[in-house]
Amino acid sequence: MRTKQTIAIIGASGTMGSAIAKSLCKGNYKLLLCSKEPGKIETLIHDIKSTNSLADVEISDCFKEACWEADIIIAAVPYASEQELAERIKEVANQKIVISIANPLNETYTGLITAADTSAAEELQKLLPHSKVIKAFNTTFAADFSTAVIDRKKIDAFIAGNDEDALETVSELVSTAGFNPVIAGVLSASRTLENTQLMLIQSTRKYNYNWLAAG
Ligand SMILES: NC(=O)c1ccc[n+]([C@@H]2O[C@H](COP(=O)([O-])OP(=O)(O)OC[C@H]3O[C@@H](n4cnc5c(N)ncnc54)[C@H](OP(=O)(O)O)[C@@H]3O)[C@@H](O)[C@H]2O)c1
């Protein structure tokens, strides 16, 4: 069995951050849950501990300390906040895996705010040049985390990145969360993954799907 890894989840109070925390607490991980307002995640910690008393999970009130301690950092924040977050954690995220889950949607969900020749993940990699940015969980809706198996089949969760070892580590993490990890390609494949989720969100809104239409 591999050594326990520590994961800092930034934005743990949010819809995705809390779903990811709940799904990973059963794995061989120590979770450091971070929020700008730590009081917002007390209920989440309570919920996790009441379903899994052995969960190794803590509130961290300092992003920088949590990222310093972590092996893996999950940026569960809106695309618009990634730059500010990167500034705060840059020094302590060197050589670490940083997972970008963001979909850089415009306000009306009619398009992406990133240029066609880049993606949220690639922009985060530019801001954190010494980290290993991996795209994951952007094509899974938050609701999928409690229903990661549909018709007895695990939902596919796509991953993209440039570092082979980091892709393997994130595949294991995605699998622990209950999904079927599928490596889509190098980090620039995030352009396709982010556009795919835009299309899924648009279709879900248009045809009134159940917000489980991922992967
Ligand atoms: N919702 C989905 O189904 C879904 C699916 C796939 C991908 N995503 C992506 O997941 C990300 C989060 O979406 P969400 O739906 O979970 O949004 P959300 O519920 O609004 O949560 C976002 C979290 O980000 C934190 N945050 C905002 N600005 C921050 C900053 N400058 N520094 C640190 N933390 C900051 C906030 O936490 P505090 O204010 O408490 O610190 C908030 O809890 C987005 O990039 C979205 O595109 C969402």
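Gln 95 counts as exposed because it has 10 C-beta neighbours inside 10 Å (exposed means 12 or fewer other C-beta atoms within 10 Å, buried 20 or more, partly exposed in between, with C-beta atoms placed from the backbone). This is a predicted model: local features need pLDDT of at least 70, side-chain atom pairs count only at pLDDT 80 or more, and totals for chains, interfaces and linings use all residues. Residues are numbered from 1 along each chain as its sequence is written.

**Positive phi**
- Gln 95 is not a glycine, yet its phi is positive, near 65°.
- Gln 95 sits in the loop between helix 4 and strand 5 (97-100); helices (H or I, at least four residues) and strands (E, at least two) are DSSP runs, numbered from the N terminus.
- Phe 137, also not a glycine, has a positive phi of about 65°.
- Phe 137 lies in the loop between strand 6 (132-135) and strand 7 (149-150).
- Phe 137 counts as buried because it has 29 C-beta neighbours inside 10 Å.

**Helix 4**
- Its buried residues are Tyr 79, Glu 82, Leu 85, Ala 86 and Ile 89.
- They share one side of helix 4 because they cover an arc of only 105° around the axis (taken from the directions from the helix axis to the C-beta atoms).
- Ala 80, Gln 83, Glu 84 and Glu 87 are exposed, on the face turned away from the buried side of helix 4.

**Ligand shell**
- The ligand is surrounded by 24 residues (C-beta atom, placed from the backbone, within 6 Å).
- The closest are Gly 11, Gly 14, Met 16, Lys 36 and Ala 102.
- Helix 4 gives the most to this shell, with four residues.
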